[in-house]
Amino acid sequence: MMNTRVSIWRNALRMLLALALAATAVPFVAKRYDLTKREEEMLEMLVEGLSNQQISSQAFISVGTVKTHAHNIYAKLGIKGRADLPAFLECELAASLDHRS
């Protein structure tokens with residue numbers, strides 16, 4: 001019972017951190033890496049953990065177009081894929097905070 005509660009809280013905390021990270025780091029990353037406005041929107045949804053199908057539905061585009069945008073974003077950021085996003089954004093967030101100081 002206690003492990004279940006801890007797991008639920010950890011998952012909720014991860015979601016909140018992902019949303020905070022998206023709100024803070026994504027605009028900085030988009031500007032720094034010259035992402036288009038559409039790529040910035042896609043990056044926000046990727047960081048929120050949405051699936052390609054969910055992004056497709058929200059953005060009113062095909063899943064194939066979502067994949068193309070994701071591929072272009074990863075290429076511009078110099079990462080291999082979605083799994084690399086959290087660590088990449090954490091580093092970029094630290095850089096953006098250092099930049100403000």
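Of the 101 residues of the protein chain, 33% count as buried, where buried means under 20% relative accessible area, exposed means over 50%, and partly exposed lies in between, with a 1.4 Å probe and protein chains only. The model is a predicted one, in which local features need pLDDT of at least 70 and side-chain atom pairs count only at pLDDT 80 or more, while totals for chains, interfaces and linings use all residues. Residues are numbered from 1 along each chain as its sequence is written, and side-chain values use heavy atoms, with hydrogens and water left out.

The protein chain holds five helices and zero strands, so that, read from the N terminus, its elements run α-α-α-α-α; helices (H or I, at least four residues) and strands (E, at least two) are DSSP runs, numbered from the N terminus. Among contacts between residues at least 6 apart in sequence, 57% join residues at least 24 apart, a contact being heavy atoms within 4.5 Å.The largest nonpolar core has 24 residues, and those with the most contacts inside it are Leu43, Leu77 and Leu85. A nonpolar core is here a set of buried Ala, Val, Leu, Ile, Met, Phe, Trp, Tyr and Cys residues joined through side-chain atoms within 4.5 Å. The elements that give two or more residues to this core are α1 (2-32), α2, α3, α4 and α5 (85-100). Leu85 touches Leu43, Leu46, Val47, Tyr74, Leu77 and Ile79, when residues up to four places away in sequence are not counted. As background, nonpolar side chains in soluble globular proteins tend to be buried together.

Two helix pairs can be described by their packing geometry, for which axes are lines fitted to C-alpha atoms, over the stretch in contact for helices, and angles run from 0 to 180 degrees between N-to-C directions. Helix α3 (residues 52-59) and helix α4 (residues 63-77) pack at an angle of about 105°, with their axes 8 Å apart. That angle makes α3 roughly perpendicular to α4, since angles under 35 degrees count as roughly parallel, over 145 as roughly antiparallel, 65 to 115 as roughly perpendicular and the rest as oblique. On the α3 side the contact is made by Asn52, Gln53, Ile55 and Ser56, and on the α4 side by Val63, Val66 and Lys67. By class, the contact of α3 with α4 has three nonpolar, three polar and one charged residues; Ala, Val, Leu, Ile, Met, Phe, Trp, Tyr, Cys and Pro count as nonpolar, Asp, Glu, Lys and Arg as charged, and the others, Gly among them, as polar.

For α2 and α3 the packing angle is about 135° and the axes are 10 Å apart, and the two helices are therefore oblique to each other. Their crossing is right-handed, a crossing being left-handed if the near helix is turned anticlockwise from the far one by less than a right angle, and right-handed if clockwise. In this contact Arg38, Met42, Met45 and Leu46 of α2 meet Ile55, Gln58 and Ala59 of α3, and by class the contact has five nonpolar, one polar and one charged residues.

Helix α2 also contains buried residues of more than one kind, namely Glu39, Glu40, Met42, Leu43, Met45, Leu46 and Val47. Glu40, found in α2 (residues 37-47), touches Val26, Pro27, Ala30 and Leu35, not counting residues up to four places away in sequence.

The accessibility of selected residues is as follows.

| Residue | Relative accessible area | Class |
|---|---|---|
| Glu40 | 13% | buried |
| His69 | 17% | buried |
| Glu41 | 29% | partly exposed |
| Asp34 | 61% | exposed |
| Phe60 | 76% | exposed |

Most residues other than glycine have a negative phi. Asp34, in the loop between α1 and α2, has a positive phi of about 55° although it is not a glycine. Phe60, in the loop between α3 and α4, has a phi near 60°, again a positive value in a residue other than glycine. A positive phi, near 90°, is also found at Gly49, which follows α2.
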